[in-house]
Amino acid sequence: MTTGERRATVTVAGTGSAGRPADLAQAVFTAEAVRDSAAEARSAAAGTAAAVIAAVREAGIPDADLRTAGLDVSPNWEHDGTRMVRNGFTVTNRIAVTMRDLEAVGRVLDAGLEAGATGLDGVSFLLADEAPAAEEARR
């Protein structure tokens, strides 16, 4: 090709979709504690997290479907009228749980919350294997 010649091109854009029913659910429980020291808050949050993990195991979740999703340690501050003063720490543990039996979702959520989870960051319904749906959508 010489300078100034143009090469012909064809550009194609498209969209595709494929629907499948979810076959697993994921939830994230929180175990939060506020204490005077970071170590006390971490210990308290760890105790709550351990109770949540034990409860969801009892509800049928295997260890392979449990993981720590996050750990946050934050100082707490208040204004004393002239300056900001630290008045403790908040520690939040996040425990991710994968539920492969959708019939068990309610039971597992109840177990974790009843065991002392201080929150539930949400439940997502997903496909264990998205590849077949993605392939269908590309056709």
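The legends below describe close-up views of a predicted model.

Local features are reported where pLDDT is at least 70 and side-chain atom pairs only at pLDDT 80 or more, while totals for chains, interfaces and linings use all residues of this predicted model. Residues are numbered from 1 along each chain as its sequence is written, and side-chain values use heavy atoms, with hydrogens and water left out.

**View 1. The largest pocket and the strands that line it**.
The largest pocket has a volume of about 160 Å³, where a pocket is an open set of points on a 1 Å grid over the protein atoms alone at which a 1.4 Å probe fits, with protein on both sides within 12 Å along at least five of seven lines; the volume is the space filled by probe spheres set on the points, which are joined across faces, edges and corners. Of its 13 lining residues, Gln26, Ala27, Val28, Arg67 and Ala96 are the closest to the centre, a lining residue being one that has an atom within 4 Å of a point. At least two lining residues come from each of strand E1 (24–35), strand E2 (66–79), strand E3 (84–99) and strand E4 (119–126), and E4 gives the most, with 4 residues. Strands (E, at least two residues) and helices (H or I, at least four) are DSSP runs, numbered from the N terminus. Sorted by class, the lining of the largest pocket holds 6 nonpolar, 4 polar and 3 charged residues; here Ala, Val, Leu, Ile, Met, Phe, Trp, Tyr, Cys and Pro count as nonpolar, Asp, Glu, Lys and Arg as charged, and the others, Gly among them, as polar.

**View 2. The salt-bridge network of Asp72, Arg94 and Asp121**.
The whole structure contains 5 salt bridges, each defined as a side-chain nitrogen of Lys or Arg within 4 Å of a carboxyl oxygen of Asp or Glu. In one of them the side chains of Asp72 and Arg94 meet at 2.6 Å, N to O; because Asp72 lies in strand E2 and Arg94 in strand E3, the pair ties together parts that are 22 residues apart in sequence. The side chain of Arg94 also meets that of Asp121 in a salt bridge, at 3.3 Å, N to O, and this pair links distant parts of the chain, with Arg94 in strand E3 and Asp121 in strand E4, 27 residues apart. Through shared partners, Asp72, Arg94 and Asp121 are joined into one network. Asp72 is partly exposed, with a relative accessible area of 34%, as are Arg94 at 24% and Asp121 at 47%; the cut-offs are under 20% for buried and over 50% for exposed, with partly exposed in between (1.4 Å probe, protein chains only).

**View 3. The salt bridge between Arg83 and Asp80**.
The side chains of Arg83 and Asp80 meet at 3.8 Å, N to O. Arg83 is exposed, with a relative accessible area of 51%, whereas Asp80 counts as partly exposed at 42% relative accessibility.

**View 4. A nonpolar surface patch**.
Leu102, Leu113, Leu120, Val123 and Phe125 make a nonpolar surface patch of about 380 Å², with accessible areas from the Shrake-Rupley method and a 1.4 Å probe, only the protein chains shown counting as cover for residues. Patches are made of residues with over 30% relative accessible area and no salt bridge, nonpolar side chains (Val, Leu, Ile, Met, Phe, Trp, Tyr) being joined within 5 Å and like charges within 9 Å. Strand E4 gives the most to the nonpolar patch, with 3 residues. Leu102 is placed in the loop between E3 and helix H2 (105–114), and it counts as partly exposed at 33% relative accessibility.

**View 5. Ser37 and Phe89, two residues 52 apart in sequence**.
Ser37 is found in the loop between E1 and H1, and it is partly exposed, with a relative accessible area of 26%.

**View 6. Asn93 in strand E3 and Ala54 in helix H1**.
Asn93, in strand E3, counts as buried at 12% relative accessibility, and its C-alpha atom is separated by 37 Å from that of Ser17, 76 residues away along the chain. Ala54, in helix H1 (residues 38–58), counts as partly exposed at 42% relative accessibility; the C-alpha atoms of Ala54 and Ala22, 32 residues apart along the chain, are separated by 26 Å.
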